[in-house]
Amino acid sequence: MAEAEAAGDAGLGPAAAQDGAELAAVIGATVPTGFEQTAAEEVREKLGSASRISKDRGKIYFEVPARSLPQVHRLRSVDNLFVVVQEFKDYQFKENKEDALKDLEDLVKTLPWTDPLKVWELNNSLKKKKTKRKKHNLQSPASRGKLSDAGEEGGADQNNTNDQEDCAQNPVAVEPTGGQDKENLQGVTSRNGVEEEEDNEQSEVKAEVQASSESGSKADEGQTGEGEAKVLRFRVTCNRAGDKHSFTSNEAARDFGGAVQEHFQWKADMTHFDVEVLLNIHSNEVVVGIALTEESLHRRNITHFGPTTLRSTLAYGMLRLCDPQPTDIIVDPMCGTGAIPIEGAAEWPCCYHIAGDNNPQAVKRAANNISSLLRKNESKDSTALGVPLDVIQWDICRLPLRTGSVDIVVTDMPFGKRIGSKKKNWDLYPACLMEMGRICTPGTGRAVLLTQDKKCFAKALSRVGHIWRRAQTVWVNVGGLHAAVYLLRRTSEPAQDTRPFW
């Protein structure tokens, strides 16, 4: 084997469930690149677990008891989740391709699959419960009444949009092309079932943990928890980074998948699979895992998409960067589909959020997304009063807000690619910064701004240095573009109330 004694440092692996011990799991999470530390802080605050940030940017690892899976799915900063089967921090790959691939095949038989499969089985049972509960809520007369009363065009649109998104996420085997050797296949089924959990779910989880432990290794034998023999369908997804490997990600997925099939007697299926086995290779770091999410959690809020809809997980990272406090007034002056203010209203309900855009179509999409959020809240709690969020159409350079009345500005500025142009940004950016400076409270106001047009932003910021000071820069990847999130702090300098900048 690949000196897989490998990995000598067989780093993280699931905590073995000893007799009578509680089932625990090492969870891997993909997060927006650049916001790994933010995700680690959220895990510590909400789950009480310490996280380790991977050398491969955009991933963190943390250990939790299996009963905490519902809380794990409620994390706002993570995109996809998987349970770690085993991690090798310094795996020694053979130089010869055939030998290297043979070592990966042999590795399958030595991995500790039992507990991770129990965690996967428990995760599946939670998803089924969520789906049944959701269907029951939607079919109840009271719920139907609320949906009818909502009376928005967004009602029908929402279902159509979800269907379209599910279709867009149905991948087949992807051959790596050119020098880009990274296969990142997403899941197939809609992930409506893993969002917010009800209060009584914790007791159900404890019962499921017990049932999962008692079921032994049924998953190992390709059986379901219902006692009926069923051959599970699976696929292997390989993500590989590094230029010192003698094989491609497709070859690694093929050979590793063949060994998994032989070991478990599962059936390979690239689209309609039950289990997705993950093989993540980053230089000499190898992580084998089992996916716990079928669709990225960043899709939780948005039902009406625009040309540049921001991921909810990235919106959360931006909001958290400015440290919102109760009663803060938070404004997104270029809200697009409303991803930032909707995320803010969901996570910081003690603040007041205002969203606006100059494009009437964007304002309409944002309003529909807010309506969808209201309906979702009402389906969970009939006494829900709404969300602290308003949306309005306005001109970013002439905001209808009083001078010094806003605590925080958070927005995704036009990159000058799909919307606007780089040339227009040279006039737009300084005008925006001046108007944001006018509405923000001197001395305490702050702004978190995302842009890929870094040169233009730096120039604009230098022109308004008397009202804005750069406090922090986070480098992020947005749709393959190298972008930056800037945290600015408002100086105590009074703002000029003259609207045109020059």
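Q: Is the crossing of H9 and H10 left-handed or right-handed?
A: A crossing is left-handed if the near helix is turned anticlockwise from the far one by less than a right angle, and right-handed if clockwise. Here H9 and H10 make a right-handed crossing. Bear in mind that this is a predicted model, where local features need pLDDT of at least 70 and side-chain atom pairs count only at pLDDT 80 or more, while totals for chains, interfaces and linings use all residues. Residues are numbered from 1 along each chain as its sequence is written, and side-chain values use heavy atoms, with hydrogens and water left out.

Q: At what angle do the axes of H9 and helix H10 cross?
A: Two packed helices are described by the angle between their axes and the distance between the axes. Axes are lines fitted to C-alpha atoms, for helices over the stretch in contact, with angles running from 0 to 180 degrees between N-to-C directions. For H9 and H10 (residues 339-347), the axes cross at roughly 70° and come within 9 Å. That makes H9 roughly perpendicular to H10 (angles under 35 degrees count as roughly parallel, over 145 as roughly antiparallel, 65 to 115 as roughly perpendicular and the rest as oblique).

Q: Which residues of H9 and H10 make the contact?
A: Contact means heavy atoms within 4.5 Å. H9 brings Ser 312, Ala 315, Tyr 316, Met 318 and Leu 319, and H10 brings Ala 339, Ile 340, Glu 343, Gly 344 and Glu 347. By class, that's six nonpolar, two polar and two charged residues (Ala, Val, Leu, Ile, Met, Phe, Trp, Tyr, Cys and Pro count as nonpolar, Asp, Glu, Lys and Arg as charged, and the others, Gly among them, as polar).

Q: How far apart are the axes of H1 and H9?
A: The axes of H1 and H9 are 10 Å apart, at an angle of about 80°. That makes H1 roughly perpendicular to H9. Thr 38, Glu 41, Glu 42, Glu 45 and Lys 46 in H1 meet Tyr 316, Gly 317 and Arg 320 in H9. This contact divides into one nonpolar, two polar and five charged residues.

Q: Which residues of H1 are buried?
A: Buried means under 20% relative accessible area, exposed over 50%, partly exposed in between (1.4 Å probe, protein chains only). In H1, the buried ones are Glu 36, Thr 38, Ala 39, Ala 40, Glu 42, Val 43 and Leu 47. They pack against strands S2 (51-53) and S3 (59-65), plus helices H2 (69-73) and H9 (312-321).

Q: How many helices and strands are there?
A: Helices (H or I, at least four residues) and strands (E, at least two) are DSSP runs, numbered from the N terminus. The protein chain has 13 helices and 15 strands.
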